[in-house]
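The entries follow in the order I made them.

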Amino acid sequence: PIQVWVAGEVRTPGVFAMTGDINAYQAVIQAGDFLPTAKPEQVALIRRGPGGRAMMRVVDLRPRRGEVVALRRNDILY
């Protein structure tokens, strides 16, 4: 299974094992959805790039307005 980490302003942060393809917003829902204090338009996606170097980009995960971002093994959402 693919493991992703979801932290920050979600109800139940933690490590989640996903058995199939999943996008970033689905992972947030798995973590209990955003708290009222969250900024879903400013979610940090951290993943390993070439050479194992950590890379970060900010993604917009607002429902119906945000991006659809496919997750990879060991991604971190914050």
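I sort residues by relative accessible area: buried is under 20%, exposed is over 50%, and partly exposed is in between, with a 1.4 Å probe and protein chains only. This is a predicted model, in which local features need pLDDT of at least 70 and side-chain atom pairs count only at pLDDT 80 or more, while totals for chains, interfaces and linings use all residues. Residues are numbered from 1 along each chain as its sequence is written, and side-chain values use heavy atoms, with hydrogens and water left out.

Entry: positive phi.
I looked up Arg64 and found a positive phi of about 65 degrees, although Arg64 is not a glycine. Most residues other than glycine have a negative phi. Arg64 lies in the loop between S4 and S5; helices (H or I, at least four residues) and strands (E, at least two) are DSSP runs, numbered from the N terminus. Arg64 counts as exposed because its relative accessible area is 86%. I then noted Asp33, a residue other than glycine with a positive phi near 75 degrees. Asp33 sits in the loop between H1 and S3 and is partly exposed, with a relative accessible area of 30%.

Entry: Pro63.
I placed Pro63 in the loop between strand S4 (54–59) and strand S5 (76–77). Its relative accessibility is 40%, so Pro63 counts as partly exposed. From Pro63 to Gly32, 31 residues apart along the chain, I have 14 Å between C-alpha atoms.

Entry: the nonpolar core.
By a nonpolar core I mean a set of buried Ala, Val, Leu, Ile, Met, Phe, Trp, Tyr and Cys residues joined through side-chain atoms within 4.5 Å. The largest one has 20 residues, and those touching the most other members are Val4, Val6, Ala27, Phe34, Leu61, Leu71 and Leu77. Strand S1 (2–6), S2, H1 and strand S3 (43–48) are the elements that give two or more residues to this core. Beyond neighbours within four places in sequence, Leu71 is in contact with Val4, Ile22, Asn23, Ala24, Ala27, Leu45, Arg47 and Leu77.

Entry: Arg47.
The Arg47 side chain makes one with the side chain of Asp75 at 2.6 Å, and it reaches the backbone oxygen of Ala70 at 3.1 Å. Not counting residues up to four places away in sequence, Arg47 touches Arg53, Ala54, Met55, Ala70, Leu71, Arg72 and Asp75.

Asn23 is in the loop between strand S2 (14–18) and helix H1 (24–30), and Ile22 lies in the loop between S2 and H1. Asn23 counts as buried because its relative accessibility is 19%; Ile22 counts as buried because its relative accessibility is 11%. The Asn23 side chain reaches the backbone nitrogen of Tyr25 at 3.0 Å. With residues up to four places away in sequence set aside, Asn23 touches Val68, Val69, Ala70 and Leu71, and Ile22 touches Ala27, Val69, Ala70 and Leu71.

Entry: Ala70.
Ala70 is in the loop between S4 and S5. At 56% relative accessibility, Ala70 is therefore exposed. Leaving aside neighbours within four places in sequence, I have Ala70 in contact with Ile22, Asn23, Arg47 and Asp75.

Entry: Ala17.
Ala17 is in strand S2. Beyond its neighbours within four places in sequence, Ala17 is in contact with Pro1, Ile2 and Gln3. Ala17 and Asn74, 57 residues apart in sequence, are 9.8 Å apart, C-alpha to C-alpha.

Definitions and conventions: A polar contact is a pair of N or O atoms within 3.5 Å; within protein, one must be able to donate a hydrogen and the other to accept it, and residues adjacent in sequence count only if both atoms are side-chain atoms. Contact means heavy atoms within 4.5 Å.
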